[in-house]
Amino acid sequence: MVELFPRLSKMAVERVFEHISQFSDGSQIQDAFKNIPEVTRTLPDAIKYAATGGWRTSQETLNTLRQDLIKLAKSAASDHPNRQLARSHFDTEAAKYLADFNALQSAEALRDDVWACLAASTLVELTVWRFWLAKDRFHGGVRNAFQRLWLRSRVLDRGFDAENRWELLEALTEDAMVQIIERPSIGSDKILASAIAEAWLKASKRYGRAKMEPIMRKAIIGIRLRNQVVALSCLPADELQAFLDNEFVVTAEKLGQFQVSQQSTASADLVDTAD
Amino acid sequence: MSFSNAMPFLVLDDNAVSVTPWLVSIGGQDDVPDPRMLKGWDYAASVKVARRMEVDFRLASEQLAIPVELLRLSIVVMEGTGSGTIPRVLRHILKRQLDRENQVVDISLNLASDSLSQRLALKTLVLLEGVPDARSSFSPKLQGSKLWEDLQDVALEGDAPRFPIEAISFRQCFAGSIQESALWHLQWMTADMHRDISGSLRLYVNCDREDFIERITALDPLTMQTMLADVMGQLVSRLLYLPDLKEQIKGAERGSVARQAQQWFELAFPDQSHSQVLSLYEHKPGEFNAAILAAAEVGSLS
């Protein structure tokens, strides 16, 4: 049986966001969080559940989710005094946690309104800590504060028994993950998406992580165009990987900026030949 | 067959690939042929889908200009689910090889309902297997080339329109603000035009205005045109200010806000460049809005 999560409509999220935004100078924002259940109750049927097909997830489950993620955030903040690094570390660890959270193993996790409720209600303090008052992070969708992490873990998970299970999640840059996850024709297909991530990883070792952004953005266009005429994810795995690896190499060469240094090994940094 | 783009090689038509409509049954009830919505579905319901496919290899060989003895094909069925123009998740659920000795596939699949959300999209593809020697330079030459496809999209929870529209009480939702008496409100996030429309914007119509709701329900042409013109105007004007516009449009996915905005742009301003229309928007807004209003007569929000 499926555990049914609470769902929050877009309009209800707007009301929550307006309520929190009143405290955008930081004062009394904790009080704003406490008043959130009141705000959502002012809308009719603001929080809904699926009518049938499972049982409502318990408050205990939601509390566990909340407390564990808060713990991860606190740990990230104390281990990394740099704010950006702390949040990046939190994203990685939270994605791993959400991947294995039992109650999110069903199609409830595909619903935008479920993640909207988590970001705007259950985990709202974390949303604010991570993104302050960026509205799209409260709404459901690929940019939701936590849905984006779950989507990444779904695609980049090499498997419970895999050696170095989370290497892709730990290695890919934020831009690379956005290029993969937020492109529906790629992010929806785990076979293709994870193969692109593997190709990115290989290319990043060849050319250097710092050089990958323009390569990735160009390569993705070529891959998407090819995917329109060839069902890439239906290819044998080794053929798919070979095509994608080559696509990154060809793109890097076409950009005309990169060549591997003469003394290079597979993981050498690139010699920048641009003027 | 329903390719959204013209393919750069020879493909198969519906004479070469014959299919029965998908039969979908829920909870052991009677099969429903070619359904648009599954009533009574929930996570606990069992869902079964079935169809028969047959490829006429003689005809396929002619259409692809590939000798019949060399022609190898495969049939792939993908299950898509989750909201969005492109389903949020796509899974491969069947692959069968075909040749001239095996031209028929009977498909019968039980689907796990607890992995389905909001819709079930069944995508069927016929792909080229191998890289055979062909008689024509227009023959498909790449392993996995898409030769034929169709899509059955079934709503699982209600019959949601493709464009996200919702009726709400503005007195309740915008209490105390000037929008309270508005007829409609397009809520959208301009930050990322590459998001799927269903997730990025929503057209709220004011159910406090019964006279207005009546006109929408009746699909009154002038009301729909006026409302659509506002939506089109907002998206197209935003499109004009995107940095690296040509690159952004090139990279815009089907179903994204940017792609829809570009389509409406082409409808309202055929044969005009973005810079020309931007100049029009900034210096002759009346002409810009009139063009949008005229285009809205032929556009659609459904």
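Biologist: Which classes of residue make up the lining of the largest cavity?

Modeller: Seven are nonpolar, six polar and five charged. Ala, Val, Leu, Ile, Met, Phe, Trp, Tyr, Cys and Pro count as nonpolar, Asp, Glu, Lys and Arg as charged, and the others, Gly among them, as polar. This is a predicted model, in which local features need pLDDT of at least 70 and side-chain atom pairs count only at pLDDT 80 or more, while totals for chains, interfaces and linings use all residues. Residues are numbered from 1 along each chain as its sequence is written, chains are lettered from A and ligands numbered from 1 in the order in which they are written, and side-chain values use heavy atoms, with hydrogens and water left out.

Biologist: What makes a space a cavity and not a pocket?

Modeller: On a 1 Å grid over the protein atoms alone, a cavity is a set of points where a 1.4 Å probe fits but cannot get out; a pocket is an open set with protein on both sides within 12 Å along at least five of seven lines, and lining residues have an atom within 4 Å of a point. Helices (H or I, at least four residues) and strands (E, at least two) are DSSP runs, numbered from the N terminus.

Biologist: How much space lies in the second largest pocket?

Modeller: That pocket holds about 670 Å³. It is lined by 22 residues, and A:Gln179, A:Arg183, A:Arg217, B:His194 and B:Gln248 are the closest to its centre. Eight of the lining residues are nonpolar, four polar and 10 charged. Helix 13 of chain A supplies the largest share, four residues.

Biologist: Why is A:Cys234 called buried?

Modeller: Buried means under 20% relative accessible area, exposed over 50%, partly exposed in between (1.4 Å probe, protein chains only). A:Cys234 has 8%, so it is buried. B:Cys173 has 9%, so it is buried too.

Biologist: How far is the sulfur of B:Cys173 from the closest cysteine sulfur?

Modeller: The distance is 8.1 Å, to the sulfur of B:Cys207. A disulfide is a pair of cysteine sulfur atoms within 2.5 Å, so B:Cys173 is too far away for a bond. Over all chains, the search finds zero disulfides.

Biologist: What makes helix 7 of chain A mostly covered?

Modeller: Six of its eight residues, in the run 124-131, are buried. They are A:Val124, A:Leu126, A:Thr127, A:Val128, A:Arg130 and A:Phe131. Just after this helix, A:Trp132 takes a positive phi of about 50°.

Biologist: How do you know that strand 4 and strand 7 of chain B pair?

Modeller: Two strands pair if DSSP finds at least two bridges between them. Here there are eight, in the antiparallel sense, and B:Arg51 stands opposite B:Ile107.

Biologist: Why do strand 6 and strand 9 of chain B stand at the edges?

Modeller: The open antiparallel sheet has the order 6-5-8-9. Strand 6 and strand 9 each have a single partner strand, so one side of each is left without a neighbour in the sheet. Within the sheet, nine bridges join strand 5 to strand 8, and B:Ser74 stands opposite B:Leu127.

Terms used:
Grid points are joined across faces, edges and corners, and a volume is the space filled by probe spheres set on the points.
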